[in-house]
Amino acid sequence: MHAYNRLPSSGQSSPSAPSSPRSRSPHRRSKPPPRFVGPKTLPQHLAWHFLSFLLQRQTIFLFAPFIYISGILLYMDTVSFYNLPAPHYAPGSIYRSPQLYGNLRPEMESDSSTADAISTIWKNSYKGGEWRPCIDKSSRGLPESNGYIYIEANGGLNQQRTSICNAVAVAGYLNATLIIPHFHFHSIWRDPSKFSDIYDEEFFVKTLKNDVRVVDKVPDLIMERFDNNMTKVYNFRIKAWSSIYYYGDTVHPKLLEEKIVRISPFANRLSFDAPPAVQRLRCLANYEALRFSNPILSLGQTLVARMKDRSANNSGKYISVHLRFEEDMVAFSCCIYDGGGKEKIDMDAARERGWRGKFTKRGKVIHPGAIRINGKCPLTPLEVGLMLRGMGFGKSTSIYLASGKIYDSERHMKSLLEMFPLLQTKEMLASPEELAPFQNYSSRMAAIDYTVCLHSEVFVTTQGGNFPHFLLGHRRFLYGGHSKTIRPDKRKLALLFDNTNIGWKSFKRQMLNIRAHSDSKGIEIKRPSDSVYSVPCPDCMCRSNKTDVSKSSSAA
């Protein structure tokens with residue numbers, strides 16, 4: 001129904017005048033206006049008088065919301081909710097992997113074409129040529145030091161590793177003496193380990209001796225000026241990802257003046273992009289000077305040997321998987337799985353315990369479905385198993401699982417063990433007596449995992465972070481520039497795992513495409529925004545010529 005307009009709009013004719021009564025046909029009598037029929041029942045009478053009263057008092061507008069809501073409720077009472085359509089969820093927003101596994105399992109188990117994947121996975125990986133380590137070491141002596149640098153390395157094992165390597169680079173650039181980095185005790189990792197507990201300190205100092213001076217303490221003569229209290233030493237609060245030139249302009253003058261400076265915290269305080277001389281020191285520190293302490297190295301190598309023994313059916317080749325499905329990781333992600341009410345209670349408690357108030361701030365809105373669609377949810381053990389079976393790895397494949405304590409492990413690990421019965425962890429490979437010296441130290445346990453993952457034929461990363469970041473680079477450094485790492489596109493995985501109607505052949509085809517992409521991205525050349533700790537070519541490595549390749553092949 002169109003609204004009545006008093007004025008004619010442009011381009012339209014004016015309303016015509018009413019016709020004269022004389023011109024009307026005598027046979028066409030106009031209809032009388034409809035007669036208003038008043039209320040008949042008592043409720044109608046009451047309602048009529050109430051509305052008349054409101055209209056007379058002009059207070060209907062005050063009661064309009066009440067009347068509107070009452071009408072809605074009366075209408076809803078006549079509608080059956082059982083006939084309403086089911087809510088629509090965006091593809092990939094719901095955890096349906098258990099249903100998918102149930103549908104795919106019969107065809108998966110009958111598929112006999114997956115046994116040789118570990119032998120053929122990297123067959124096309126070196127089409128662009130191989131690379132070799134080539135880090136130049138200085139052979140000349142060092143000039144007189146400008147002073148001492150003390151840094152505090154915060155975070156877990158590999159965040160501390162970043163701080164150590166960056167500290168070597170900064171000390172070399174400023175011609176300073178580096179004090180063995182101090183590890184900051186963190187409330188989450190709760191590991192009181194010192195540098196020498198995790199790394200071979202003597203080897204570290206010796207490897208760097210012609211490039212950067214490293215000492216274990218500041219001379220007493222200097223510390224006496226600060227009452228032997230390191231907190232009284234001038235501390236620089238440096239912004240994250242600062243340029244090396246900032247250190248030259250800001251830190252260097254203070255270093256010359258005081259002869260000692262402190263930088264705390266130091267994690268991620270140096271930009272990835274830096275001059276070749278600075279990158280060379282980073283490479284030297286990370287790939288050559290940092291070696292795990294003898295106890296860690298010894299147990300790590302023992303577990304590598306045991307994994308190879310258990311992989312004899314695949315020529316000693318095994319897969320390592322870095323799985324982040326610990327309770328704190330699941331809680332921090334805010335993703336929802338299939339644990340129901342118990343899972344919600346556990347996750348709420350873990351979030352409050354680890355990040356008090358962070359997730360319950362007023363106005364904070366969390367969308368678990370959007371998080372899953374964006375590929376930010378930690379993969380479950382079941383999803384890792386589905387992915388690897390789809391990529392062509394059969395039940396006879398040996399897997400080393402690098403992980404902390406899996407959340408609700410008995411339930412979540414069941415399906416993964418069905419798909420890969422030869423799966424091992426450090427707790428399964430080592431005796432309680434062998435693990436006892438490391439058991440209550442998260443960084444030392446992570447260092448053991450790092451060692452076993454480093455020497456696997458295939459490394460699978462599922463969540464990102466510093467652990468896979470360093471392993472990517474270290475494996476490239478060892479294996480001719482190729483990381484031999486599967487890095488799945490988790491946005492694609494979210495959609496695939498949500499499609500419970502997909503067939504095994506189609507699912508496998510999609511997984512093989514993801515595997516092929518990881519192969520093609522195995523060798524990468526560093527861009528300015530990349531880190532030499534994950535992409536060592538070309539700052540830490542050089543291209544091998546054909547002679548070098550043939551020599552390495554014959555040696556192998």
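**Cysteines and disulfides**

Q: Cys 283: buried or exposed?
A: Buried, at 0% relative accessibility. Buried means under 20% relative accessible area, exposed over 50%, partly exposed in between (1.4 Å probe, protein chains only).

Q: What sort of model is this?
A: It is predicted: local features need pLDDT of at least 70, side-chain atom pairs count only at pLDDT 80 or more, and totals for chains, interfaces and linings use all residues. Residues are numbered from 1 along each chain as its sequence is written, and side-chain values use heavy atoms, leaving out hydrogens and water.

Q: What does Cys 283 form a disulfide with?
A: Cys 540, with the sulfur atoms 1.8 Å apart. A disulfide here is a pair of cysteine sulfur atoms within 2.5 Å.

Q: And where do Cys 283 and Cys 540 sit?
A: Cys 283 is in helix α10 (residues 276-289), while Cys 540 is in the loop between α22 (504-520) and β13. They are 257 residues apart. Helices (H or I, at least four residues) and strands (E, at least two) are DSSP runs, numbered from the N terminus.

Q: How many disulfides in total?
A: Three. In sequence order of the bonded cysteines, the pairing is 1-6, 2-5, 3-4.

Q: What's the handedness for Cys 134 and Cys 542?
A: The S-S torsion is about 95 degrees, so this disulfide is right-handed. Cys 134 is buried at 18%; Cys 542 is partly exposed at 26%.
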